[in-house]
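Open your viewer and get the selection tool ready. We will take this one stop at a time.

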Amino acid sequence: MDADRITEKLNILADAAKYDVSCASSGSKRKNENKGLGNASNGICHSYTEDGRCVSLLKILLTNHCIFDCAYCVSRKSNDIQRAAFTVQEVVDLTINFYRRNYIEGLFLSSGIFKDADFTMERLVRVAKKLRLEHNFHGYIHLKSIPGASDELMNEAGLYADRLSVNLEMPTEAGLKLLAPDKNHQDMIKPMGYLKNAIIQHTEEKKLFKKAPLFAPAGQSTQVIIGATPEDDNQILHSANYFYKNFKLRRVYYSGYVPVLEDSRLPALNTSVPMVRENRLYQADWLMRNYGFHVSEIVNNQQPHLDLDIDPKLSWAIRNMNEFPIDVNRADLKMILRVPGIGVLSAQKIVSARKFGKLNWENLKRMGVCINRAKYFVTCQSKEFERRDLTGNAIKQFILATSHSKYIKNVPTQLNLF
Ligand code: SF4
C-alpha cells in the first residue's frame, strides 16, 4: 500500500464525510463468539465533540466522485474539488489497521455515486462482507444505503452491517426537488420500506431460530439537513414523526446546514450554522421518542418554530401552566415525565420511592431532579418554593437568568481525525 497516497485519500475522503452526522453506534446486538476481532455488542463507546458529533468510528467516503449535482453537497459533480476513491481492499485494510491500533471501534462508510446506485452499493457491501467473512470482524459497521440500489444489495448489506441508513437529505419532497432535482424522493422511500420489512422478518425468524442470521441489528436511520431549505420546525418534526412511525427508524439525525457553496437557492456563505436549532430539534425528537409527547404538542400550525431560548419541554410546560403544579407524591408517571428538570430515570425513581414514604425536595435532589427547574412545576412534602403566583413568562425569565447554554457561543468547527 502506498502510504502517502492512502494518507492523501484519507484526508480527502474523511473531510468529505464530516458533513454526515448520522453515525451514532448504539443499539447493536452483534456478539463476538469466535475469538474474532472487535465487539459491537458492548464496549463500543462513542465520544462526542462539543457540538454532539460522534468520533469513535472511522468515518469516510468510499469516493467523493459523484454523478449527481445536489446543491447542498460539497461532493456535487459541478464543484471544483480534489477527488479520490478508495478501493474496497483499501477500506478493509484501513479499518483493520485502525481497529488494531485502538483508534476506532468501527466503520461508518458512505459514498458519492460512482456510476449508478447498484455499482456503488455493491462496493460498499463488499467492504462489509470482507470485514465480516475474511477478517472475522465483529466491530460496528454503519453503511450508507445508496438510494435506488436493488433489493438484493440492500438485503446483503443488512446481513453484514449493524446499521443502515438512507439519507432523506431534505425534510420534505419539495425541498429535495428544489436543491436536488435529479434525485427522486421515491428512491429513498423504497429502500427504507424494504429495510423495515426485512428487519421485522429477521427479528421474527430470530425468535424462532436462534441461529438465524442477524439483519441490521442496530436498525435503520436517516439524516435531514436543517436550514438549507425554508421548512419550519413543524414540518421537520412532523416529517420525522412520519418516518419513525411508518419505517420504524431508530433515529432521525438533524444536521445544521454548513454553507460551503455559492448557489442562489441556498443560504449565503456567511450564514451561520443553525447549531442551536439543531440542538432544539434533537431535544424535541427525544421528547417524542422517550417522554410520551405527541409531535403536535411540541410544534403545530400555531407554534411552528421551536423556542431557541429554552428547551422544548420547558417551552411546552410554560404554555400549559394549567397542568401545573403537580404533586410528585401522587401524579402518574406520564405527567411526572412532563415536568422540566425531571428525566426518565428520575421519574421512575420517584414512582418507585414514593411507595415507601412521602418525598421532599432533598429526596428529589438525590434522585437527580434538577430542582432549579422542577420547583416551579411540582409540589412535594415541603412548603419550600411554595410560590404559585408566577406566570409562564416570569418562570422563563427566572430560569434563563440562572442558566447558560453551551450551544450559544459554540463555533461549529469540523473535526479532523487524521
Ligand atoms: S448524491 Fe450524495 S454525494 Fe452525490 S451530490 Fe448528492 S448528496 Fe452529494
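The tour goes from the ligand to a helix and then to a loop.

This is a predicted model, in which local features need pLDDT of at least 70, side-chain atom pairs count only at pLDDT 80 or more, and totals for chains, interfaces and linings use all residues. Residues are numbered from 1 along each chain as its sequence is written, and side-chain values use heavy atoms, with hydrogens and water left out.

**Stop 1: the ligand.** Select Cys66, Phe68, Cys70, Tyr72, Cys73, Arg76, Gly112, Ile113, Glu169 and Lys183, the residues around the ligand (a heavy atom within 4 Å of it). Colour them by class and you will find six nonpolar, one polar and three charged residues; here Tyr and Cys count as nonpolar and Gly as polar.

**Stop 2: helix α2.** Now select residues 88-100, a helix of 13 residues (helices are DSSP runs of H or I, at least four residues; strands are E, at least two). Then pick out its buried residues, among them Val88, Leu94 and Phe98 (buried means under 20% relative accessible area, exposed over 50%, partly exposed in between, with a 1.4 Å probe and protein chains only). Just after α2, click asparagine 102, which takes a positive phi of about 70°.

**Stop 3: aspartate 332.** Look in the loop between β7 (326-327) and α11 (333-336) for aspartate 332. Aspartate 332 counts as partly exposed because its relative accessibility is 47%. Finish by drawing a C-alpha to C-alpha distance to valine 351: aspartate 332 lies 7.9 Å from it in space and 19 residues from it in sequence.

Methods
The expected span of a helix is 1.5 Å times one less than its number of residues.
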